[in-house]
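Hi everyone, thanks for coming. I'd like to walk you through a few local details of one model, so let's bring it up on the screen.

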Amino acid sequence: MTGLLGIRGTGRTARGSAGGGPQALVQLLVLALVGAVGLVLGGTGASSADAVSACAGRPAKTVKFATGELRVYRSRAYACAVTVAKNPGKRRQMSVQLQARGARPVGDSGRYTTRAGPVTVPALHRCIRATGSISGTSGSTGWILC
């Protein structure tokens, strides 16, 4: 006689005490569903830093000011910037602007709770500058990554 696993022999199936029947299948599906929902909702491993780092690349410069900070990231061919509030919560005016030397600035502004941006510019072998502001207080990098 052949069992569930295709093993010929004693006449016993692979179900035994491990519970390979319909209940085990339902339990496995429920466990997979709970895991997927946890991933979609952020799970326990998500931190506020993960939520804020919307830019690809590695951190190149951080400029702190009274109401938040301007973060600039650099990947091989691109630069990216975000302005992050020190105390997120209520909506207030925020902006971020990024410019590669010889190109027009790219920006994002509006009434946000946590951050403005990300904005990205091509910056392979080019200097860049960034400016960020929150509620009238601002920070700027000057020309960097030259």
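Let's start at Leu 145. Setting aside neighbours within four places in sequence, Leu 145 is in contact with Ala 60, Arg 74, Arg 126, Cys 127 and Ile 128, where contact means heavy atoms within 4.5 Å. Before I go on, a word on the ground rules: this is a predicted model, in which local features need pLDDT of at least 70 and side-chain atom pairs count only at pLDDT 80 or more, while totals for chains, interfaces and linings use all residues. Residues are numbered from 1 along each chain as its sequence is written, and side-chain values use heavy atoms, with hydrogens and water left out.

Back to Leu 145, then. You'll find Leu 145 in the segment after strand S8 (137-140); strands here are DSSP runs of E, at least two residues, numbered from the N terminus. The cut-offs are under 20% for buried, over 50% for exposed and partly exposed in between, with a 1.4 Å probe and protein chains only.

Now the backbone. Leu 145 has a positive phi, near 60°, and is not a glycine. His 125 likewise has phi near 60°, again in a residue other than glycine. His 125 sits in the loop between S6 and strand S7 (128-134), and counts as exposed because its relative accessibility is 74%. For context, most residues other than glycine have a negative phi, and most peptide bonds are trans. Pro 118 belongs to strand S6 (residues 115-122).

How many salt bridges does a search of the whole structure find? One, taking a salt bridge as a side-chain nitrogen of Lys or Arg within 4 Å of a carboxyl oxygen of Asp or Glu. The partners are Glu 69 and Arg 71, at 2.6 Å from N to O. Glu 69 lies in strand S2 (residues 68-74). Both Glu 69 and Arg 71 are buried, with Glu 69 at 15% relative accessible area. Beyond four places in sequence, Glu 69 touches Thr 62, Val 63, Lys 64, Val 82, Thr 83 and Val 84.

That's my tour; happy to take questions!

How values were computed
Helices (H or I, at least four residues) and strands (E, at least two) are DSSP runs, numbered from the N terminus.
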